[in-house]
Amino acid sequence: MTDIYWDETIETMPVEQLRQLQLEKLKASVARAANAPFYRDLGLKDYRIESLDDLSKLPVTTKQDLRDSYPYRLVACPLDEVVRLHSSSGTTGTPTVVYHSKADIDNWTELTARCMFTGGMGFHYAGEHLGCLTLPTGPGNTSRQLKFLKDFDVSVIHVIPSYALHLADTLEKMSIDPRKYLPKLRIAFLGAEPHTEETRQKIQDFFGIKAFNSFGLSEMNGPGVAFECPHQNGLHIWDETLKPVPEGQQGELVITTLNRTAMPLIRYRTKDLTHVVAGQCSCGRTHRRIARMQGRSDDMLILKGVNIFPMQIEQVLVGTPGVGRNYQIILEAKGHNDHMIVRVELDPAMFAGDLASLEKLKTKLTHALRDEILITPDVELCEPGGIPVAEGKAVRVVDNRPR
Ligand code: ADP
Ligand code: ZN
């Protein structure tokens, strides 16, 4: 094994052979899934799969199906083979539950180890699997997080991008030079929420590190579904197959598990929007790449008939000098029309500046946003730290419109 792959045989398998392996695994996965009451009732065992194209004939599975299957209708193996379940909080209704067998946990560890091998770490089991000293810290308590990063000479972190920016804000407020304070930090794995290329750059520049995009969802395993290699040009997606859309064309990521035993999922609709990156990556991995997520289909805002993704707004803001690290989009009803307010934190240096330059920045942002999203928002500038930071994933959109 060379030192740039974790599992060279599988990561660099010739495409033909890889597709053959996927086909065999797909047949097996569908046969296993057919044992679950949910898929049995759909008649899954009667679907014939002769080629990967037949995938598109299979029924899709949605989050609602997961809810409706609570608690056990998606379990495909004897219950005594299940060793772990992860459940969502159920705050929006019936919880969704994902089951794992021992083999599933081991497989997840392998997949995530593959993701981290050249990139970073932070995913607990995979970190340990690679022999890294692994420190789970959970959310919140920023000063404690910073102390741990420093005292334990942490070299790689796995972090939500908005929280990485919050760490940056905190260091800046304390007038601490991040490169001197955290000299050992080399790599960040950014995951769990959509973010732009500009945000990645900002994080890389501030800490003087490399930042890699890491994608996952709990319905699959969690992190480790797709990751960026050192070339930082699209995310390699592991052994799951995609619903075929032409390369380059945006679509919804639909994932079929190939190795899961406790709870195989067939054509699971993630609602995440991306596209397949054409061509082969120069890192030598033959697994297809997907572009960074543009967002989820349910994050799309429709205002005055125009479709808008929060990431379009982030791209404009983060790319503009004088803008700080946090922002929020507020939607309001104004008479019969919907109205958008974009609240933008200022860079501390800009905040200390004169009124005329603030006015100039506001006009510049208003025009740049109008050019990008085709409607004119009200831009509100606020002091650094003026927008509350969420405990977990950033809350980018506050919709105050009456339902
Ligand atoms: P987790 O708790 O690991 O974030 P969830 O199942 O709660 O898992 O959330 C998964 C969702 O988070 C994905 O469907 C996607 O919308 C979003 N997500 C995760 N990673 C990324 C990423 N790297 N880029 C964009 N969105 C992401
Ligand atoms: Zn690559």
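Trainee: Is A192 buried, partly exposed or exposed?
Mentor: This is a predicted model, and in it A192 has a relative accessible area of 44%. Buried would need under 20% and exposed over 50%, so A192 counts as partly exposed.

Trainee: Where is A192 placed?
Mentor: A192 is in the loop between β4 (187-191) and α10 (197-207). Its phi is positive, about 85°, although A192 is not a glycine.

Trainee: And what about the phi of K271?
Mentor: K271 is not a glycine, yet has a positive phi of about 70°. K271 lies in strand β10, residues 268-274. With a relative accessibility of 35%, K271 is partly exposed.

Trainee: While we are on the backbone, is the peptide bond from Y70 to P71 cis or trans?
Mentor: The bond from Y70 to P71 is cis, and its omega is near -5°. P71 sits in the loop between α4 (63-68) and β1 (82-87).

Trainee: Switching to the metal. Which protein donors does the zinc ion (ligand 2) have?
Mentor: The zinc ion (ligand 2) has C229 (SG), H236 (NE2), C281 (SG) and C283 (SG) as protein donors, at 2.2 to 2.3 Å. In sequence, these donor residues follow the spacing C-x6-H-x44-C-x1-C.

Trainee: Why is the arrangement around the zinc ion (ligand 2) tetrahedral?
Mentor: Because the four donor atoms subtend angles of 103 to 115°, and the criterion for four donors is that all angles lie between 85 and 135 degrees.

Trainee: Next, the sheet with β16 to β19. What is the strand order?
Mentor: The order is β18-β17-β16-β19, in an open sheet of four strands with mixed pairing. The edges are β18 (378-382) and β19 (397-399); each has a single partner strand, so one side of each is left without a neighbour in the sheet. On average, neighbouring strands are turned by 20° against each other, direction ignored.

Trainee: How many bridges join β17 to β18?
Mentor: Five, and the two strands run parallel. Strand β17 covers residues 337-346. Within this pair, I341 stands opposite D378 in β18.

Trainee: Which helix packs on that sheet?
Mentor: Helix α13, residues 355-373, touching β16 (323-334), β17 and β18. The direction of α13 makes about 140° with that of β18.

Trainee: Last topic, the nonpolar cores. How many residues are in the largest one?
Mentor: It has 38 residues, and those with the most contacts inside it are Y39, L44, F215 and L265. The elements that each supply at least two residues include α2 (15-33), α3 (37-41), β5 (210-217) and β9 (251-256). Helix α2 gives the largest share, four residues.

Trainee: Ignoring neighbours within four places in sequence, what is Y39 in contact with?
Mentor: The contacts of Y39 are A33, A34, L44, T61, L74, P264, L265 and I266.

Trainee: And what lies apart from that core?
Mentor: Another core, of 24 residues, including L301, Y327, L361 and V379.

Methods: Residues are numbered from 1 along each chain as its sequence is written. Chains are lettered from A and ligands numbered from 1 in the order in which they are written. This is a predicted model: local features need pLDDT of at least 70, side-chain atom pairs count only at pLDDT 80 or more; totals for chains, interfaces and linings use all residues. Side-chain values use heavy atoms; hydrogens and water are left out. Buried means under 20% relative accessible area, exposed over 50%, partly exposed in between (1.4 Å probe, protein chains only). Donors are N, O and S atoms within 2.8 Å of the metal (3.2 Å for Na, K and Ca); water is not among the atoms, so sites may look incomplete. Four donors count as tetrahedral if all angles lie between 85 and 135 degrees; four count as square planar and six as octahedral if opposite donors are over 155 degrees apart and all others between 65 and 115; anything else is irregular. Two strands pair if DSSP finds at least two bridges between them. Axes are lines fitted to C-alpha atoms, for helices over the stretch in contact, and angles run from 0 to 180 degrees between N-to-C directions. Contact means heavy atoms within 4.5 Å. A nonpolar core is a set of buried Ala, Val, Leu, Ile, Met, Phe, Trp, Tyr and Cys residues joined through side-chain atoms within 4.5 Å.
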